[in-house]
Amino acid sequence: KDSSGSSDSDSSDDERDPNDDTGLFGQTASEMMLNAFQLLSKKVQKDQAKSLQIDEANFKLRVADLLDVWVKRNASSSLVPTVLLLPIFQAITMLTSKTQKSLDAASSSSSSASIKTNSSRDVTLLELESALLARLKHIVTKRILGKGREYPRGEEASKHVSGGLDGFRIETMSTLESCVELVSTSGRDPEITQMATSAVVYCCRVLRGTTKEGEKNQDSNDWGLLEMNELSTILSDKVLKDYLQRKSTRITEDFICKLLTRAPLACSVLVPGLASALLYTTIDVDAEKDRQVAKKERADKAELKKERKRQEEKKKRNGIATDAIENTETETETETQKQPSTGANTTKKRKRSDEDAIVSEWKCRSQFHRAASARLAVAALRSGAAREHVQTLTEALCASVKDVEQAHSAGVKVRADVVKSLVELSSAVSSHGKLNDQTDLLTELTSALEILSNVVKTAAGIKQRGQLSKSITKTTNRMNNMNQQSNGKSKTFTFN
């Protein structure tokens, strides 16, 4: 029996599957490794994850070095604006946000205990990510968007690997739109905004560098592959309307101003929108008054709260109970809250009865955005982006001045930056030579300057009144000379 039993066990061992990795405890090798890994401490797992992140950062840094060499030798390749620019820009945005959060976390941990917990791997990873961010910024700002760098045009654009000339135009416009969307969704980092401005200008220059026939564009006024209607949809809807209509917008005035300055022909599509922003709005005088009254009430309430806190601290130091004081202060607070509203209501009733002739609607979405629109219009005039829209801007300026004067007469406190920006816009418009032959427009602008001068003299809170009055006087004299020239009264006067 023993011999037979041993022979049976030997035969069972021989019949065992050679691919079976089941151990003594009925577990496979993969299950055993999984259990062993789960038994590791959280600290070891965290260190292993950090090591993987460091290896990944080292790999990306080597790829960035190779990418730097390739872009340096192939800056005129059609793959640069269509394939490389947007992913690099997205990586820069992500790394900027991540690095800033890491630096903030490191600076906030000021205690010695927290400093000891920061391992050398954290410092190494932060250094590698900072080096990668610097390398990617160098590629974008120096190799691609740098001043005087080559860019794909003519035959390079025609030989694009995906769809030829039409595919090159579509992909480059998609890159331009994505760069604008990236600015509207990312934070207001000045470096990101500057790179986004350069990227939009670069895409416009690339599209304008090639004609629709696939040749190099030599005409500075030719749009080339750049479609005006498509560009107007992108810049007007996703830049200008986003800035003027959204309260939580990430678009800044400086971003739009730089676009108007650096790409005047392409960004001339923004000028009609700026003229509309000067004209059309939905705020009435009563709503503006209510907003200013509410702002005054909030300021008074905050001051009353601070005073109450100071009184409580003083009484606590003196050891006196504060219950009676709080009751009296609560009564005074309710009385002060009732008084402004009562005064405001009586004021409104009196003005509605006395000034029925004044139009209640003030044509401006907000005073701040009207001032910003005027400043951007000045930038467009100075850069040449508004050279085809001088008459539209002049008409919008005259209407805006009348609206501001109406609001001022109705008792609305006019912002100082609104008046200053309208004065600057009137000076810029009057300096333009295209108004020389338009007598009616010159007369209307002269009357608008007189109204604006009256607002400067009588409005409260206006800073630099003397300087603004001198600028209005200088502009008025220029307008009178232009009127005389257009009427033929001064033949020897030449406009510079």
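This is a predicted model: local features need pLDDT of at least 70, side-chain atom pairs count only at pLDDT 80 or more; totals for chains, interfaces and linings use all residues.
Helix 10 passes helix 11 in a left-handed crossing. Two packed helices are described by the angle between their axes and the distance between the axes. Here, the axes of helix 10, residues 228–245, and helix 11, residues 253–262, cross at roughly 145 degrees and come within 10 Å.

Which residues bring helix 10 and helix 11 together? From helix 10, V239, L240 and Y243 take part, and they meet E253, F255 and I256 of helix 11.

As general background, nonpolar side chains in soluble globular proteins tend to be buried together.

I turn now to the cysteines. How many disulfides does the model contain? The count comes to zero. For C204, the nearest cysteine sulfur is that of C267, at 6.1 Å. A disulfide requires the two sulfur atoms to lie within 2.5 Å, and C204 is accordingly in no disulfide. Is C204 buried or exposed? C204 has a relative accessible area of 3% and is therefore buried, the cut-off being under 20%. C398 likewise counts as buried, because its relative accessibility is 0%.

A further residue for this audience is T93, which lies in helix 4, residues 79–108. T93 has a relative accessible area of 14%, so this threonine is buried. With neighbours within four places in sequence set aside, T93 is in contact with L182, S186 and I192.

Let me finish with the protein as a whole. The model has 19 helices and two strands. Of the 496 residues in the protein, buried residues make up 38%. Finally, consider the contacts with a separation of 6 or more: residues 24 or more positions apart account for 76% of them.

Conventions: Residues are numbered from 1 along each chain as its sequence is written. Side-chain values use heavy atoms; hydrogens and water are left out. Buried means under 20% relative accessible area, exposed over 50%, partly exposed in between (1.4 Å probe, protein chains only). Axes are lines fitted to C-alpha atoms, for helices over the stretch in contact, and angles run from 0 to 180 degrees between N-to-C directions. Helices (H or I, at least four residues) and strands (E, at least two) are DSSP runs, numbered from the N terminus. A crossing is left-handed if the near helix is turned anticlockwise from the far one by less than a right angle, and right-handed if clockwise. Contact means heavy atoms within 4.5 Å.
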